[in-house]
Amino acid sequence: MNDKGKIVTGLVIFAALVTFPFWYNLGKAAPPPEVVLTEKAKAAGECVMPKEEIRTEHMQLLDVWRDTQVRDGQTVYINAKGKAYTMSLSNTCLDCHSNYKDFCDRCHAYASTDPYCWDCHIDNPKEGE
Amino acid sequence: MNVKYMYSFLAVIVLFLIAYVGTEAVGLQWLFGVLIPYVALAVFLVGFIRRVMGWARSAVPFRIPTTCGQQRTLPWIRPNRIDNPSTTGGVIARMFLEIVAFRSLFRNTRMKAKADGRITYQWEIFLWVGALAFHYAFAVVLARHLRFFLEPVPAPIKLLETVDAFFQFGLPVVYLSGVVLLIAVAYLALRRIFIPMVRYISLANDFFPLFLIFGIAFTGILMRYFSKVDILSIKALTMGLVSFSFPDTEVLKAIDGLFYGHLFFVSVLLAYFPFSKLMHMGGIFLSPTRNLPNDTRMHRHVNPWNYPVDVHTYAEYEDDFREKMVEAGLPVDKPLEPAEAEKE
Amino acid sequence: MKDLPKPKDFYSRLMHRPGSTDWMDTPVDIRKGMYCYAANPKSLNILSAPFARDWNPVEEDWKLPENWQQILHEGFKERLERFRSFKVFMDICVRCGACADKCHFFIGTGDPKNMPVLRAELLRSVYRNDFTTFGKILGRVGGARPMTLNVLKEWWYYMFQCSECRRCSVFCPYGIDTAEITIMGRELLNLLGLNIDWIATPVSNCYMTGNHLGIQPHAYKDMLDFFVDDIEEVTGVRVEPSFNRKGADILFITPSGDVFADPGTYTCMGYMMLFHYLREKYGFDITWSTYASEGGNFGFFTSHETMKRLNAKMYAEAKRLGVKWILGGECGHMWRVINQYMDTMNGPADFLEEPVSPITGTKFENAKSTKMVHIAEFTADLIRHGKLELDKSRNNHLKVTYHDSCNPARGMGLLEEPRYVIRNVCNHFYEMPENTIREQTFCCGSGAGLNAGENMELRMAGGLPRANAVKHVHEQHGVNMLACICAIDRAVFPPLMEYWVPEVGVTGLHEMVANALVMPGENKRETDLRGEPLEGMEGDTDE
């Protein structure tokens, strides 16, 4: 019985699957996206947390904000430097970063994360006003 | 203390430290982030192919399926077309179920001796559940990781992520596959450590991959939920790997040592794979007791190295016993020579 | 049987505990009652097998050739190239342990090295050391060990504690078949002349005289003539078997055990009565052969080559006699050889015709290449077409259970045919528990050449799971007869039953067929073939 043909075919398929990302990205360099800061953000010069921290921790911070505000009724966040902020994605974060397509979405798309914040917060970005 | 699992456990710890210290303290990001992953992948692919081709080179002299059901026989007896296949279609169905559903393991029973001397065999499904959970969780985790290697990320991968995060708890949202993988691999490892007979048959080579995969899952979960890493720099590196356009050293240095530990674990697993029992992944396809139909009485199977052998022929046999055969009235090919009888 | 441990000693071993030392550090203890005597050099010489000599397994010196390690290494290498099964099975086991409590020898002896996984590791450890890079580098840590005299003794001891029944292979997620491992292990041992006598002597007998028992042609005919008298005594009908007859339609081959030892002899009478019945009614034309007078093949337990040498006589005799096809009797490993090896080894059988039942016209499509039909298939077809007049009530004194013999079950899939026959020839049929029959059937504990007298303790331990299931139906339903389609079963079950379930007898399928078969011109039957009074006839025989 000669089944070498079948085995080689199987191996070719296997190798193609394993190396699929190489083929898929062939000739396409994909550097991380540049985010665009609005004039307002540039003017503020600093975020609620240092840049490195806010980059990896912002989702947790927003989670804490949401819980504290909804459950405890507190609205003011004091950061490490002692500066006070209103705990609000729409009114604080998006106030500076009003360009969510060029700011939030760029990284989110690159890292393929799909936060459900936007289920509510995009259509009415200025609730309460 | 069992040296077999202690060796394996220590080996995994040491591997992590090598990568962590190597990047955090020594600054070998290029080595652990780029060079070693490439080498590991090459070893994996070449090693895997060589191993399978090594099996392919060995002959399949006989058709020896393990028949687990009624054969195809008289037209009014219903054959078991999957567990005792007589056609290629049946073999494909059998192999498919074996590979995607671990059908043989599903049959597993556990023998128990009762005090009154009766022996019972109960259906034992935990090993099957553990094995299936482990393999599928690993597959999903692997597929999810394609988001680091493809840009733009294709819709099916995104869909898989959504499904995997179906319950939407925790932040970042918890992927079930990661948790299941960790639990399943822990179960498989604890089973090896605590069931006496399984511990007895286990080698260091059995513990090592389990600990290594546990390490991979553990560092992965750590990075996602607890000790955050810079995901954009990581994707810059992983995309660089698959498109051969690497980011600046500064970007590599921005990534935490934990990630390099994770990546090094994966590299070690890849390089270890072709030389280990993990090759059951390819071997299952070539198992002659599963991938052949039970049709040898219908279709002749040819043995490529079949060679002639010495046999004791009928003529020789008759020569040995002719007189006795004639006396007993058994027919013979060559009559007793009358000349011999007359000479006397 | 006197030296055997008590049943409670066997039961106490069922609480499986691993040894206190690692298995690689536990030297083999070749224990009386568990091993078979070494091969007689005369038998090996007849086969021109290498290194025939007097040696004793329990002695320190096995009188091995100087370069025995090299011989084994080269033999190993050659088999890895010739058998993909061997190579793949050496590489891919993950030691999940699913096979462990599936082995009747492990269940019964509690010896961890009887776990199929460890039995294979005995070879695998040497394979890693000799043929894999990792094994060479890592050594013991990587599960490798060099071939030493102790390892060789361990191989020998445990390769002859496996009956190649394939039950483990049913449960293995990769289909790893310990039978295949044992076959290779025994082939390697045979390269050094390390066979057991219970295999080597039957093989040499079979080679020279055509059957394992060494029955010479005239004696073979004599034995069947005795049966003719016995049959006449019970039925009043004189059957006329024919031998070595050229031009017959069909050649019949059955294991010689059926001709020689009770209760197989009754099965043999059953065949003779069936053939006579068919001849009288339908002109059925069949011949026996004294040259191909062995269905079984102990060569299969020696090496592939020896198997081929013994098997060759079947086709050779069919060709010489000019028959159309071959009918095979009730035997276990004989049918694995016929179903999975014969055509490949000794075919193509282009001098034979595709088998067709001359009585029913049924084409045996499933045997169209090998051209050999199992008698259970043949008889089931006859019954289905209403060609046999059967009086089931003559088996009313029997409460029957059926043991699937390992090889027809897991190397063929002959499961329904015998059951169909049993249901049509007797009224009381009870299945044993589900996990002990069909493809999950338990071995008799004495297969693959292990049915010697000196290893009785091993046989009683290995047969325990089967006997335990029989005991269950005996207690539940009053089963008093264990039916089987294997000559080794018929030889080894009587002592096994006597030890574990003394009230149960052993029968072949065609003994029951013959009891029920209403022969043309027969006397009113008062007893069965064994001379036991039939139900309702208990008083009559004395008058």
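Reply: The account below begins with chain C and then turns to the chains around it.

The model is a predicted one, and everything that follows should be read as a description of that prediction. Chain C is divided into two domains. Domain 1 of chain C is made up of two stretches, 7–30 and 50–194, while domain 2 covers 202–533. Taken over C-alpha atoms, the centres of domain 1 and domain 2 of chain C are 32 Å apart.

The two domains of chain C touch each other: 18 residues of domain 1 are in contact with 23 residues of domain 2. On the domain 1 side, the elements that give two or more residues are helix 5 (104–109), helix 9 (167–171) and helix 10 of chain C. The most comes from helix 5 of chain C, which gives five residues to this side. By class, the side of domain 1 of chain C that touches domain 2 of chain C consists of seven nonpolar, six polar and five charged residues.

Helix 10 of chain C, residues 178–190, also packs against helix 3 of chain C, residues 68–82. Two packed helices are described by the angle between their axes and the distance between the axes. For helix 3 and helix 10 of chain C the angle is about 140° and the axes are 9 Å apart. The crossing of helix 3 of chain C past helix 10 of chain C is right-handed. Helix 3 of chain C contributes Leu72(C), Gly75(C), Phe76(C) and Arg79(C) to this contact, and helix 10 of chain C contributes Met184(C), Glu187(C) and Leu188(C). Sorted by class, the residues of this contact are four nonpolar, one polar and two charged.

Chain C also holds an open sheet of four strands, in the order 2-1-3-4, with parallel pairing. Its edges are strand 2 (286–288) and strand 4 (372–374) of chain C, each of which pairs on one side only. From one strand to the next the twist averages 30°. Strands of a sheet pair through backbone hydrogen bonds, either parallel or antiparallel. Strand 1 (residues 250–253) and strand 3 (residues 325–328) of chain C pair in the parallel sense, over four bridges. Within this pairing, Phe252(C) has Leu327(C) in strand 3 of chain C as its bridge partner. Helix 17 (residues 375–384) of chain C packs on the sheet and touches strand 3 and strand 4 of chain C. The direction of helix 17 makes about 70° with that of strand 4 of chain C.

The neighbours of chain C come next. Two pairs of chains are in contact, and of these chains B and C share the most contacts. In that contact, 96 residues of chain C meet 81 residues of chain B. Helix 15 (residues 304–321) of chain C supplies the largest share of the chain C side, eight residues. The residues on the side of chain C that touches chain B divide into 42 nonpolar, 26 polar and 28 charged. Chain A, by contrast, does not touch chain C, and the nearest C-alpha atoms of these two chains are 11 Å apart.

Within chain B, helix 5 (residues 126–144) and helix 7 (residues 176–194) have axes that come within 8 Å and cross at roughly 140°. Because of that angle, helix 5 of chain B counts as oblique to helix 7 of chain B. Helix 5 of chain B passes helix 7 of chain B in a left-handed crossing. Among the residues that make the contact are Gly130(B), Phe134(B) and Arg144(B) of helix 5 of chain B, together with Ser177(B), Leu181(B) and Tyr187(B) of helix 7 of chain B. By class, this contact has 12 nonpolar, three polar and one charged residues.

Conventions. Residues numbered from 1 in each chain as written. Chains lettered and ligands numbered in written order. Predicted model: local features only at pLDDT ≥ 70, side-chain atom pairs only at ≥ 80, totals over all residues. Contact = placed C-beta atoms within 7 Å. Nonpolar A, V, L, I, M, F, W, Y, C, P; charged D, E, K, R; others polar. Axes fitted to C-alpha atoms, helices over the stretch in contact; angles between N-to-C directions. Left-handed = near helix turned anticlockwise from the far one by under 90°. Parallel < 35°, antiparallel > 145°, perpendicular 65-115°, else oblique. Domains from an automatic or database assignment. Pairing = 2+ DSSP bridges.
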